[in-house]
Amino acid sequence: MIGVAGWKNSGKTTLVARLVAEIAGRGLRVATVKHAHHSFDIDHEGTDSWRHREAGASEVALVSSRRLAIQTELRGDPEPSLDAVLARLGPADVVIVEGYKGEAIPKIEIRRREAASHDPLAPADPLVAAIVADHPVNDAAGLPVFAIDAVPAIADFILDHVGVHVAAS
């Protein structure tokens with residue numbers, strides 16, 4: 001598991017999507033966890049599953065031949081821990097966690113000029129393993145630094161860091 005962390009508008013989602021495509025393209029199974037700071041819904045008013053939730057179901061599973069989604073209504077319960085969310089995931093070779101900036105997990109810090117803040121996570125966070133940026137980084141404190149578009153190299157770093165090796169074909 002590795003996290004991708006940074007401030008709002010730093011490009012976390014874009015980087016994660018590109019990394020998932022790169023790593024999955026190498027034949028590995030990738031799972032992701034995305035932390036949202038806002039309300040979200042994967043369902044729509046009026047659908048059958050929406051009606052189940054509105055009626056009071058604590059969990060609703062939507063199942064088809066192509067997809068499975070399980071929605072859990074917290075109904076005032078605290079947000080589950082990252083560990084609890086990870087425990088619910090199926091098997092994967094690599095899990096990429098987006099957000100969870102303060103979580104005690106190894107992470108890649110992403111920095112972009114357009115980000116909401118330019119306060120660095122590293123070196124204050126000793127779990128930052130590398131920095132990805134769209135500009136020169138002068139405070140890397142010995143950490144590897146990748147250009148924001150160096151997706152294959154970042155993927156290589158991640159796989160090496162988490163100990164996953166792809167067999168040569």
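Tutor: Let's begin with a pairing: Ala31 has Val95 in strand 5 as its bridge partner, and Val30 stands opposite Val94 in that strand. Strands here are DSSP runs of E with at least two residues, and helices are runs of H or I with at least four, both numbered from the N terminus. This is a predicted model, in which local features need pLDDT of at least 70, side-chain atom pairs count only at pLDDT 80 or more, and totals for chains, interfaces and linings use all residues. Residues are numbered from 1 along each chain as its sequence is written, and side-chain values use heavy atoms, leaving out hydrogens and water.

Strand 2 (residues 30-34) pairs with strand 5 in the parallel sense over 5 bridges; two strands pair if DSSP finds at least two bridges between them. Strand 1 also runs parallel to strand 5, joined by 3 bridges, and there Gly3 has Val97 as its bridge partner. These strands belong to an open sheet of 6 strands in the order 2-5-1-6-7-8, with parallel pairing. Strand 2 and strand 8 (145-147) are at the edges with a single partner strand each, so one side of each has no neighbour in the sheet.

Now to the faces of strand 5. Val94, Ile96 and Glu98 on one side are buried, as are Val95 and Val97 on the other, where buried means under 20% relative accessible area with a 1.4 Å probe, protein chains only. Since 5 of the 5 residues of strand 5 are buried, the strand is largely enclosed by the rest of the structure.

What lies across strand 5? Helix 1 does, running at about 170° to strand 5 and also lying across strand 1, strand 2, strand 6 and strand 7. Such angles run from 0 to 180 degrees between N-to-C directions, with axes fitted to C-alpha atoms, for helices over the stretch in contact. From this helix, Leu19 touches Ile96 and Val4, as well as Val151, Ile154, Ala155 and Ile158, not counting residues up to four places away in sequence; contact means heavy atoms within 4.5 Å.

Leu19 is also among the residues with the most contacts inside the largest nonpolar core, which has 23 residues. Such a core is a set of buried Ala, Val, Leu, Ile, Met, Phe, Trp, Tyr and Cys residues joined through side-chain atoms within 4.5 Å. Strand 5 (94-98) is one of the elements that each supply at least two residues of this core, while helix 4 gives the most, with 6 residues.

How values were computed. Buried < 20%, exposed > 50% of the residue type's maximum accessible area, 1.4 Å probe, protein only.
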